[in-house]
Amino acid sequence: MEERKFKEEKILKGMPGMLMLLASIAVMLIGIPIVIGGSIYFSDTGSGAVLTLSIILCVILECGGIIALCGLKVIHPNEALVLTLFGNYYGTLYEAGFHWVNPFCTAINPTAGHKEVQQKEGTNKELAVNINLGQTTTSKVVSLKTMTLDNKKQKVNDELGNPVEIGTIVIWKVKNATKAVLNVENYKEYLSIQCDAITRNAARNYPYDANDGADEKTLRGSSQEIADIMQEELQNKVQEAGIEILDVRITHLAYAPEIASAMLQRQQATAIIDARQKIVEGAVSMVEMALQQLSENQIVELDEERKAAMVSNLLVVLCGNKDAQPIVNSGSIY
């Protein structure tokens, strides 16, 4: 059987709640003088039929007033109420205020009565969802406020197979309360699971860092671009749940502890090689400049052997990682 999804919603305009409240109270109060009048008539005439009729009418009015009071709904700003009537979708209240609707309507919200998901941690083998053991959400209204989903760090392999830890936060809000309530079982848990899947998929599609000379997107170097891609993919996943993704940010990114030390040594070695390369380039430039100035100013004329010795000594001094210990020659250089 094909799953039925609610793509269009019916926006309700409830009747003024205060007016219906006063009317319900008035109906309930009318029953009191009817019973009193029936009792007086019974005491005067002894007719029990009038008393019975007055009691029945009073009970009907009282029950009607109580039932009418059940139709009173209070909607706060940035909240919505999804209503069903005998199992069928009836409509959604968005306008803040005090309203009256059909008293036989029932408000539904799958997240009511569930513990709210606060953080999630994943491993390579399974997805573990840690639920905050705090207070349970009992309200039937659907919040339209902007909320944050903190997807704690989880371990996953990158494109090169290196285990990395990655964590994200998602800024989101409910855009369509009807879809959020009727299309998915629990839209908060649905968003949480989809966020985990998108985060893992992004980590698997990109390397943590680029190889030498490679020009490609990486988790470390292109975090903003990857976060934008994650936001687009996550929005496509939760579109049917009536959720709008406002922003996705990578908050934690690091190698897993078991390889962090080795990768740190690799990064340090790469940094040392790059630094040495800059030092050598600078030293060669300085030696070339020294020989050129000695020749132009005719300070001293050096043969090829002496130039080679001078170049060797200057390179040792300029490229060495320790201070040089010079030896002064007071005699002839020849």
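The secondary structure of the chain comprises 7 helices and 12 strands. The model is a predicted one. Of the 334 residues in the chain, 31% are buried. Contacts between residues at least 6 apart in sequence were also examined by separation along the chain, and 69% of them join residues at least 24 apart.

Helix packing was examined for α4 and α5. Two packed helices are described by the angle between their axes and the distance between the axes. Helix α4 spans residues 187-205 and helix α5 spans residues 223-237; the two pack at an angle of about 140°, and their axes are 10 Å apart. The arrangement of α4 relative to α5 is therefore oblique, since an angle has to be over 145 degrees to count as roughly antiparallel. The crossing of the two helices, α4 and α5, is right-handed.

On the α4 side, the residues that meet α5 are Y190, L191, Q194, C195, I198, T199, N201 and A202. Their counterparts in α5 are I226, M230, E233, L234 and K237. Sorted by class, the contact of α4 with α5 consists of 8 nonpolar, 3 polar and 2 charged residues. One of the residues in this contact, Q194, lies in helix α4 and has a relative accessible area of 17%. Q194 is therefore classed as buried, the limit for that class being under 20%. When residues up to four places away in sequence are not counted, Q194 touches L234, K237 and V238. Two of these, L234 and K237, are listed in α5 among the residues that meet α4.

Salt bridges were considered next. The structure holds 6 of them, including one between the side chains of E165 and K153, with an N to O distance of 3.9 Å. This pair links distant parts of the chain: E165 belongs to strand β11 (residues 163-174) and K153 to strand β10 (residues 147-157), and the two residues are 12 apart.

A second salt bridge joins E225 and K217, whose closest N and O atoms are 3.8 Å apart. Both side chains come from partly exposed residues, E225 having a relative accessible area of 42% and K217 a relative accessibility of 36%. In a further salt bridge, the side chains of R249 and D247 meet at an N to O distance of 2.7 Å. R249 is partly exposed, at 33% relative accessibility.

Backbone torsions were inspected for positive phi values. Most residues other than glycine have a negative phi, and most peptide bonds are trans. N78 is not a glycine, yet its phi is positive, at about 60°. N78 is located in the loop between β2 (72-75) and β3 (79-85) and, at 48% relative accessibility, is partly exposed. F86 likewise has a positive phi, near 55°, and is a residue other than glycine. F86 is located in the loop between β3 and β4 (88-93). The relative accessible area of F86 is 68%, so the residue is classed as exposed; the class requires a value over 50%.

F86 is also one of the contacts of F104. F104 is placed in the loop between β5 (97-100) and β6 (105-107), and its relative accessible area of 47% makes it partly exposed. Apart from neighbours within four places in sequence, F104 is in contact with I67, T84, L85 and F86.

A23 is 46 residues from L69 in sequence, and their C-alpha atoms are 9.5 Å apart in space. At 36% relative accessibility, A23 is partly exposed.

Notes
Residues numbered from 1 in each chain as written. Predicted model: local features only at pLDDT ≥ 70, side-chain atom pairs only at ≥ 80, totals over all residues. Heavy atoms only, no water. Salt bridge = Lys/Arg side-chain N within 4 Å of Asp/Glu carboxyl O. Helix = DSSP H or I, 4+ residues; strand = E, 2+ residues; numbered from the N terminus. Buried < 20%, exposed > 50% of the residue type's maximum accessible area, 1.4 Å probe, protein only. Axes fitted to C-alpha atoms, helices over the stretch in contact; angles between N-to-C directions. Parallel < 35°, antiparallel > 145°, perpendicular 65-115°, else oblique. Left-handed = near helix turned anticlockwise from the far one by under 90°. Contact = heavy atoms within 4.5 Å. Nonpolar A, V, L, I, M, F, W, Y, C, P; charged D, E, K, R; others polar.
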